[in-house]
Every structure is written in structure tokens, then in C-alpha cells.
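Hello,

Here is the structure I promised to pass on. Please have a look, and my notes follow below.

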Amino acid sequence: MTRFHATEVQPRKMSMQDMAGGNDITITEAMPIAVQDKLHGVSTASLSSFEGDEPTEEEKTTLRHVADKLPWSTFLVAIVELAERFTYYGISGPFQNYIQNDYNSVHNTNIVPGAIGLGQTGATGLGDFFQFWCYCTPVLGAIVSDQYLGKYNTILYFGFVYLAGLIILFFTSLPIAIQNHAALPGLIVAMIIIGLGTGGIKSNVSPLIAEQYRGTRQKIRTLKSGERVIIDPAITIQRIYMIFYMCINIGGLSSIATTEMEQRIGFWSAFLLCLCMFAVGLLTLIVGKKHYVVRPPKGSIIVNAFRAMWIGAKNGGRMDAAKPSYQAEHGKTVTSRWNDLFIDELKRGLVACRVFVFFPIYWVCYSQMLNNFVSQAGTMELHGIPNDIMQNIDSLTIIIFIPICDKFIYPALRKVGIPFRPITRITMGFIFASASMGYGAICQRLIYNAGPCYSAPRACPAAGKDGEVPNRIHVAVQTPAYLLLGLSEIFASITGLEYAFTKAPPSMKSFVMSIFLLQNAFGSALGIALSPTAVDPKLLWMYAGLSIATLITAGIFWVLFHKYNAQEESMNALEDQGEKVVPVGELGATGTQKQDASGEIGDRTGAQGKA
């Protein structure tokens, strides 16, 4: 029978018990005799865990929980993601203008630049299609990774696909290509290829960065100040994803450069910059290969997961019915290709998938920043800045507030006994997103109340022949909408990534991450359905409707899932029993672990478990 999850061998332990038989402290047999002599005759109720030991239940509630130090490979993966997101947001930033507006060879700061001329509805719809496609393909990337190639090889191969799409986008955005009507077909082909490439990267780079940290248990550590603290893997993973998301948004600032370049030089220059940056990220991935650690692919692991879920479905939704122990206990022939631990991990992953179901409405709100907010800014007084540069306020908000949350807000809450667990954070993120859409509606009302065109911005005779006169309201009025959306990402999006990693079975990290990312695709599909309302004067009601719908979603989400906050530590504890990571250098070209001279892969329960 094939075993999909090995259990790490632990040292044998002895327990010191009180008169009632309760375990007060656990000591390994390897403890020095001198130390054991000192413990003889001492009341165990007064004892504390040793340096590096797991904390007692009392210590878990009294000592401060902190993050561990991060390995350098974590930052190498972060650089790769920064380069990819630099590219993605760098090309996405100009897309709305590129698609919406007609081509003008004269670069005039009073005229919004363009290339294809499909109008706002067409641009919003095509932009939402790109978002939808980019977040559907991670499922394919996850299957390739978890079953065949492994995370590193999948990222590398799909990276070259991504590069090919960027080359097509660059050449079809040159002035001669636009004038010969090659821009639209070139854009569509590039979107499909880039979307395929980003799918292979996105579903794997998120779990890859967290896998670089190998700790799975809480342990005691004494700081230089003398304070005894608990090194908490959950908080460490939380910090990793905050750093990861900060790198995403540092990369997201690329649209500051690309939107300036589109207006002052041309779209081709913006896309060329992104092409060069992505090449740098791909080179970093190749050069840093020997420093990464990964989990080898597990063959038919996803197929087995669906088989197990089918058994659970046939037994009234009881997943325990898929456990070999359950089948043996009830006199059934045990033919399963997994162990009991795999089913427990799968149950935990299904919890995460249920939580993700509510994210599409959140992603609809997020997508407004990339399309309708850009168009909204184009109807306001820009004072010489590009209309699509305002979206960078979102990234700046995240870059500023992530360190504040990580270093001050979250530790302060933990210190006063408020752990601010994942479901609470996601709910807060939904509320902030709702507030952002509510402010967007207010901003739209202010535009409609201002002349010269009122509810038909840049579309009345007073706006001039080319619509160069906007409504008299400063574009800075948009700022709070981006600020609120950025805060919502810190709570909802980062926590979603963290939840996808910590709740997924060890060999299905990429697949569960792709399910989380797939919710973004569903959000884009909703956005496509809403695109007919992205016209004046309906925009006001679109923003207001999104605000109300997201607020209602937040309330329902909290009612259904807040119970999982209490189960957080017990669910995370399963991670310590799962399969461990190995260095990339131990993997072959197909991502499988190399065999030694005897033809064996290695002791899955011993050496690899301690890698």
C-alpha cells in the first residue's frame, strides 16, 4: 500500500506525573542525568519547559508568542514574486487606457492616451476577462506541480511561457503595429499566454515561500533581554505572508512608471520595461535554485483526494468513512491508497475551501481599482498626472501599514489577550472593502454634481471636441477609496493566502492555494456580468450596490465561520505530522526525489522528516 504522508520519528519520552496521574512535564530520555537528579523530589507544578522544549499549556497562555527568524531562501522567493508582480501590475495598469481610448500619436497630457478604442464597457469587460483567465489557470499550474513537476520546475517552465506572452505584447504595442490594427489581436493572444504563465507561477510561489520555513512546533526561547517567549510557527507563517504581500505591492508600484511612460513615450515602452524586469526575476529563480527547499510531487495525490471526498459524500458527508481504520473497523476491505492522517489533513483543507467561497464578492470590489476607478479618475481634473496612477495609493497603503500591523498592532493585541485570528481578520477585510465601494459611490456623486458635463463627464459640448475638459473636481478626492481598499487587502487577502497554506494537506499546498486564487476568477466573472452598468450615469448605483452586498457578505461570513477561530491551533498542529520538505538539489528534472546508489529514495520517516 502506498503511503502518502510519513510521520516524523520522535524521541521517546518519559512523563513525570502528580498523585492524580496528570502529566505536568514531559522530559526526553536523552536529558542529562545531572538535570534529572535536580528534578528529583521537586514539585513538577513549579517547573517550566527548558530552552527549545514545547511549551506547557500554562506557558501557552502566559508567555508572549513571537515569530521565528526567517531563512534567506524566503527572501529569494520574495524577489521572484516581486519581479512577477512588477510585470503583472506594470502591464495591467495601462490596460484600461490601452483598450478604452482611441490611438493618438501626439502625447498630450490633456488627452488620455489610448490604442484600441473599445470604450469603457469594452475595456472593463476585456480587463475582467484577463483577471478571470489569470486566476483560473492556477488550478492547472497546481495540478502540474502537485502531481508531476513540483513547485520549482513548474514555476520555471511556466515562467518561459509568461516571457513569450510579454514579447508578443511588446511587439504588437509598437506604433506601427497599432496603426496596422495588430494591437487588439496581439493583446488577446498575449493575455491568453501571459495568463497561462502566471497561473503556473501564482499557485506555486505562494506555498513555496512558506515552505522555506521548516518549523512546525511551538518552542521556548529566551531572548537577549532575558524574556522567555514562545516561537510560534503560525505567527511566523503570518509574518512570511505579510512580507510576501509587501513584496507584491512593491512590485505593484511599477504602474507608477508604466503609466507615466504610456503617456509621455508610448505603451510599447511600458511593456518593454515589464519584459526586462520579468527576465531579471526568472534569472533570480535559476541562480537561487540550490537554496530552495520543496516537497516532491506525489503522483496521483489530487485524484486520491477526490476519491476520498467521493467516499465521504456516499457516507452522508462523513469524511472519516474514508479512513482505512474506519473501513477496517466496519469490516470493509481496505483498498485505499492513503492513511488516516491524509484524511484528517484533507478535512482541514475542506474547511479552508468553505471559507474561500465568500471571497468572489471581495474580488469584485478589488477589481474596481484596476478598471472603473481608473475611468472615474479620467473624468476628473488630473493636473498633469496620468489618470491610472492613482491606483498606486493602494500599494503604498499596504507597504506602509504592513510593518505597522506586524510590529505594533498585532503584537499589542496579542499582549492584551486578543489573538485576532484569521476569520476575524478576513471579516474586517470585507468591511473595509465595503467602505471603499461606499466611498467610491460618494466620489461618483461628487463628479455628477460638478460641471461642466455633470452626469455625462467629458461627453457634452462644453467638454470640447476631444473631451479634454473634465468635470471640475480634483482627482485627489479618490484617495480614501484606495486607502480603504489597501487596508482591506492586509486583512482579507493576506489572511486568505495564509489560510490556504496552513490548512492544506502538505502534498496539496499548490492545489488548495489555486482554489483560493480561483475565487478571484469568479470575482472577475461577476465583474464581467456587472460591466454593462459601468457607464454613466449608472456607476453611482453600481458602487453603492457593491458596498451593500459586501457588507452583508461580511456579516454572513462571520456568523458561519467564526467558530473556526477556536479550532485554529488544533488544525495547525496537524502540520507537524505531515511530510517534510527537501532541498531542490535532491530533485530530478521532473521534480521527483533523486534515488541514492542503492536505488532508494530515502527514509521518509527519518532523515527526510528532519530535513
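Which residue lies over the face of Tyr88? Arg85 does, at 4.2 Å from the ring centre. A charge counts as over a ring if NZ of Lys or CZ of Arg is within 6 Å of the ring centre and within 35 degrees of the ring normal. Arg425 lies over the face of Tyr410 in turn, at 5.8 Å from the ring centre.

A word on the basis: this is a predicted model, where local features need pLDDT of at least 70 and side-chain atom pairs count only at pLDDT 80 or more, while totals for chains, interfaces and linings use all residues. Residues are numbered from 1 along each chain as its sequence is written, and side-chain values use heavy atoms, with hydrogens and water left out.

On to the rings: the whole structure has 35 aromatic pairs (Phe, Tyr or the six-membered ring of Trp, centres within 6.5 Å; planes under 30 degrees apart are stacked, over 60 edge-to-face, the rest tilted). Tyr362 and Phe430 are stacked, because their ring centres are 5.8 Å apart and their planes at 25°. Both are buried (under 20% relative accessible area; exposed is over 50%, partly exposed in between, with a 1.4 Å probe and protein chains only). Tyr362 and Phe430 also belong to a cluster linked by ring pairs, with Trp363 and Phe516 among the other members.

Finally, there is one disulfide (cysteine sulfur atoms within 2.5 Å). Cys453 and Cys460 form it with sulfurs 1.9 Å apart, and the link is left-handed, at -75° about the S-S bond. Both cysteines, Cys453 and Cys460, are buried.

Best wishes
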